[in-house]
Amino acid sequence: MPLNDYDADATELLETYDFLMKYIIIGEAGSGKSCLLHHFIHNAFKDHSQHTIGVEFSSRTIKLGEKRIKLQLWDTAGQERFRSVTRSYYRGAAGVILVYDITNRDSFLNLSRWLTDARALASTHLVAVLVGNKSDREDEREVEWAEASRWAAENDVHFLEASSLTGDNVEAPFLLAARSILLSIESGALDPEKAGSGVSYGDRALRRVNSSSLLSFGSLSHSRKRRSDKIRLKNWVPANKCC
Ligand SMILES: Nc1nc2c(ncn2[C@@H]2O[C@H](COP(=O)(O)OP(=O)(O)OP(=O)(O)O)[C@@H](O)[C@H]2O)c(=O)[nH]1
Ligand SMILES: [Mg+2]
């Protein structure tokens with residue numbers, strides 16, 4: 001095989017990205033965290049999902065505007081007996097996907113506890129997205145959309161409902177969190193070079209520093225509308241806004 005062919009293969013294996021972001025996925029056992037993540041990674045429902053033991057890691061690289069972002073995703077066990085193990089993975093997370101089951105009221109009532117823990121242990125700029133999972137089971141609903149939306153607004157988290165079974169809204173929470181984090185970096189509130197920020201630069205050559213030394217994300221701040229269309233949100237409630 002000519003040398004050039006080897007070069008081409010090697011280039012394809014080399015994954016480049018602009019940012020690396022750490023997310024944790026938390027919430028009550030059985031709320032569908034692993035299924036949500038599985039659908040996000042594999043674009044399919046996870047059949048016969050078993051309780052997660054401790055934590056499971058996966059990753060996916062997404063594109064937001066011109067930026068490639070590698071997400072490091074830590075799926076945590078919801079069962080109480082794993083709480084001390086899973087909490088140790090919260091440290092330095094930039095994003096948290098907080099999941100409850102719309103057909104299980106207890107999973108909603110316990111949200112404050114999960115969020116308080118995450119805010120205490122993760123990055124100080126933690127971006128939180130609340131996901132009401134199993135939206136396909138409308139007949140068994142125990143938590144109204146408006147009630148969850150109010151809770152989200154009061155607690156400064158984004159909110160949407162999703163179904164890991166049908167795939168409805170499964171990508172949106174992950175993209176929303178990434179977009180919020182990017183905007184924090186752009187505004188200067190979050191510094192990826194600071195330890196514990198939950199974000200770091202990928203290939204440094206891709207970093208754009210303009211003449212005034214401010215970071216520029218190309219089209220990010222100028223085409224938010226176009227990008228949010230791409231995320232395809234259904235009934236999304238931004239943090240700080242309510243019904
Ligand atoms: N109908 C429906 N069932 C779902 C959905 N998501 C998950 N399930 C089911 O809910 C159960 C629990 O799903 P998991 O993803 O394993 O829950 P988990 O939150 O990861 O649970 P732990 O790992 O114990 O914390 C499984 O039987 C899934 O098949 C959904 O969107 N719709
Ligand atoms: Mg699980």
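**Close-up views of the predicted model**

Leaving aside neighbours within four places in sequence, A178 is in contact with M21, I62, L64, I69 and L71, where contact requires C-beta atoms, placed from the backbone, to lie within 7 Å. The model is predicted: local features need pLDDT of at least 70, side-chain atom pairs count only at pLDDT 80 or more, and totals for chains, interfaces and linings use all residues. Residues are numbered from 1 along each chain as its sequence is written, while chains are lettered from A and ligands numbered from 1 in the order in which they are written.

**View 1. The largest nonpolar core.** This core has 56 residues, of which Y23, I24, V96, I97, L98, A178 and I181 touch the most other members. Helix 7 (residues 172-187) gives the most to this core, with nine residues. A nonpolar core is a set of buried Ala, Val, Leu, Ile, Met, Phe, Trp, Tyr and Cys residues joined through C-beta atoms within 7 Å. A residue is buried if 20 or more other C-beta atoms lie within 10 Å of its own, exposed if 12 or fewer, and partly exposed in between, with C-beta atoms placed from the backbone. In soluble globular proteins, nonpolar side chains tend to be buried together.

View 2. Strand 1 (residues 19-27) is mostly covered, with eight of its nine residues buried. Strands (E, at least two residues) and helices (H or I, at least four) are DSSP runs numbered from the N terminus; two strands pair if DSSP finds at least two bridges between them. Strand 1 runs parallel to strand 3 (residues 67-76), to which seven bridges join it, and K22 stands opposite Q72 there. Five bridges link strand 1 to strand 4 (residues 95-101), also in parallel; G95 of strand 4 is the bridge partner of Y23. The pairing with strand 7 (residues 199-201) is antiparallel and has three bridges, with F19 opposite Y201.

**View 3. The two sides of helix 5.** L111, W114, L115 and A118 are the buried residues of helix 5. They lie on the same side of the helix because they cover an arc of only 95 degrees around the axis, the arc being that of the directions from the helix axis to the C-beta atoms. On the other side, S112, R113, T116 and A120 are exposed. Strand 1, strand 4, helix 4, strand 5 and helix 6 are included in what covers the buried residues of helix 5.

View 4. In helix 6 (residues 145-154), the buried residues are A148, S149, W151 and A152. Their arc around the axis is only 160 degrees, which puts them on the same side of helix 6. A146 and E154 are exposed on the other side. The buried residues pack against helix 4 (105-109), helix 5 (111-121), strand 5 (127-133) and strand 6 (158-161). Just after helix 6, D156 takes a positive phi of about 60 degrees.

**View 5. The shell around ligand 1.** Of the 20 residues around ligand 1, G32, S34, S49, T52 and G78 come nearest; a residue is near a molecule if its C-beta atom, placed from the backbone, lies within 6 Å of it. Helix 2 (residues 33-42) gives the most to this shell, with three residues. The shell divides into four nonpolar, twelve polar and four charged residues. Ala, Val, Leu, Ile, Met, Phe, Trp, Tyr, Cys and Pro count as nonpolar, Asp, Glu, Lys and Arg as charged, and the others, Gly among them, as polar.

How values were computed: Contact = placed C-beta atoms within 7 Å.
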